[in-house]
Amino acid sequence: MRRETTIITVGLTPAWDITCRGRNLRWGAHQCIEQQTIRPAGKALNVSKALAWLGRESVAAGLWGRSDYRQMLAAARSAWPLIKVRMTAVAGDTRRNVTVVDAANGKEMHLRDRSPLASAKALKRLQADLEKIVRRGSLCVFAGTMPEDKPTDGAVRIIKSCASRGAMIVLDTSGPALRQIVDTGAAWLIKPNVEELCELSGRKIKDEPASLAAAASRLLDRVEMILISRGAKGGLLVTGQGVWQARCVGRGRVLSTVGCGDYLLAGFLKSLSENSDPGAALKTAIKVATAKARGWTEKNKGASRTLREIKVAVTQV
């Protein structure tokens with residue numbers, strides 16, 4: 001992957017993320033929160049936001065509700081000027097997801113709504129819009145929940161269409177859609193967590209490097225790279241050229257795990273586009289995800305300075 005590769009993130013089930021932070025929150029009580037943030041999000045857009053934090057431009061495509069499109073556009077342009085928004089506006093309201101964080105006790109709750117946007121008609125419009133911007137060598141990141149039931153076929157058609165135009169397909173989703181898309185052979189890289197890898201393999205897998213690598217290697221006839229997210233245990237990268245594992249060294253206070261997987265993926269893609277070293281890309285990915293978990297990506301310090309403060313150990317399995 002080249003440095004000048006255009007990265008296009010595509011979200012079919014976008015959302016507004018509402019995060020409420022408080023201390024010693026209790027069920028049934030009426031309490032004041034310390035902070036509330038409302039931002040356009042969804043896994044695909046989160047990848048673009050992470051790339052922007054890292055100083056990398058990207059194109060944010062996918063679906064968004066027509067009723068709040070201008071609000072999203074204004075927020076994105078103000079907060080992340082490196083993101084070129086090319087969303088497809090469709091009928092409906094964009095869902096709102098709520099995260100409640102109890103900072104004193106280190107607990108959080110995620111309340112997720114269903115997305116009403118990905119109708120068959122909307123997916124056809126999105127495919128037409130993507131055909132205008134996807135070129136040979138583009139990297140298309142399809143991240144987030146795929147539409148349920150029959151519209152899933154429309155999502156698969158979009159992905160196959162982008163692949164046929166010479167794009168490299170990165171996939172970060174779950175459920176039946178993950179297996180369906182992997183089986184097409186269209187994906188270049190997938191980013192499952194351990195549970196999702198178990199779904200793909202059809203069996204329980206022990207969360208240790210050798211077992212994970214063995215399971216992932218069976219997918220290499222359909223996918224070139226498998227980037228496995230292991231939460232606090234770090235990450236594992238499986239390719240035809242080798243297997244690498246990485247984990248953060250040292251301790252730090254985790255504020256929230258929301259979006260960490262998206263930042264992991266963004267860090268990996270940016271680094272891989274710069275030096276084509278899989279081990280170095282995995283190291284950067286863990287650093288970026290760790291910075292997100294600790295809340296450092298919200299600070300004013302630059303990404304380079306922030307990442308230098310995080311130590312990661314990488315070994316080849």
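Predicted model: local features only at pLDDT ≥ 70, side-chain atom pairs only at ≥ 80, totals over all residues.
View 1. The crossing of the two helices is left-handed. On the α6 side the contact is made by Val-194, Leu-197 and Ser-201, and on the α7 side by Leu-212, Ala-215 and Ala-216. Sorted by class, the contact of α6 with α7 has 5 nonpolar residues and 1 polar residue, with no charged residues.

**View 2. Helix α5 (residues 176-184) crosses helix α6 (residues 194-201) at roughly 60°.** The axes of the two helices come within 9 Å, and the angle makes α5 oblique to α6. The crossing of α5 and α6 is right-handed. Leu-178, Arg-179 and Val-182 are the residues of α5 that meet Glu-196, Glu-199, Leu-200 and Ser-201 of α6. The residues of this contact of α5 with α6 divide into 3 nonpolar, 1 polar and 3 charged.

**View 3. Helices α8 and α9 cross at roughly 145°, with axes that come within 7 Å.** The crossing in which α8 passes α9 is right-handed. From α8 the contact draws on Cys-260, Tyr-263, Leu-264, Gly-267, Phe-268, Ser-271, Leu-272 and Asn-275. From α9 the residues that make the contact include Pro-278, Ala-280, Ala-281, Leu-282, Thr-284 and Ala-285, and among the others are Ile-286, Val-288, Ala-289, Lys-292 and Ala-293. By class, the residues of the contact of α8 with α9 divide into 14 nonpolar, 4 polar and 1 charged.

**View 4. The largest pocket holds about 1200 Å³ of space.** The pocket is lined by 45 residues, of which Thr-257, Val-258, Gly-259, Cys-260 and Gly-261 are the closest to its centre. Cys-260 is also one of the α8 residues in the contact with α9. At least two residues of the lining of the largest pocket come from each of the strands β2 (15-22), β7 (95-102) and β14 (242-249), and likewise from each of the helices α1 (43-53), α8 (260-275) and α9 (278-293). The class make-up of this lining is 14 nonpolar, 19 polar and 12 charged residues.

**View 5. The second largest pocket holds about 790 Å³ of space.** Among the 28 residues that line this pocket, Arg-21, Thr-37, Arg-39, Lys-292 and Glu-298 are the closest to its centre. The elements that give two or more residues to the lining of the second largest pocket are β2, β3 (35-41) and α1; β2 and α1 each supply at least two residues to the lining of the largest pocket as well. Lys-292, listed here among the residues closest to the centre of the second largest pocket, is also one of the α9 residues in the contact with α8. The residues of the lining of the second largest pocket divide into 9 nonpolar, 9 polar and 10 charged.

Definitions and conventions. Residues numbered from 1 in each chain as written. Heavy atoms only, no water. Axes fitted to C-alpha atoms, helices over the stretch in contact; angles between N-to-C directions. Helix = DSSP H or I, 4+ residues; strand = E, 2+ residues; numbered from the N terminus. Parallel < 35°, antiparallel > 145°, perpendicular 65-115°, else oblique. Left-handed = near helix turned anticlockwise from the far one by under 90°. Contact = heavy atoms within 4.5 Å. Nonpolar A, V, L, I, M, F, W, Y, C, P; charged D, E, K, R; others polar. 1 Å grid on protein atoms, 1.4 Å probe; cavity = no way out; pocket = protein on both sides within 12 Å on 5 of 7 lines; lining within 4 Å. Points joined across faces, edges and corners; volume = space filled by probe spheres on them.
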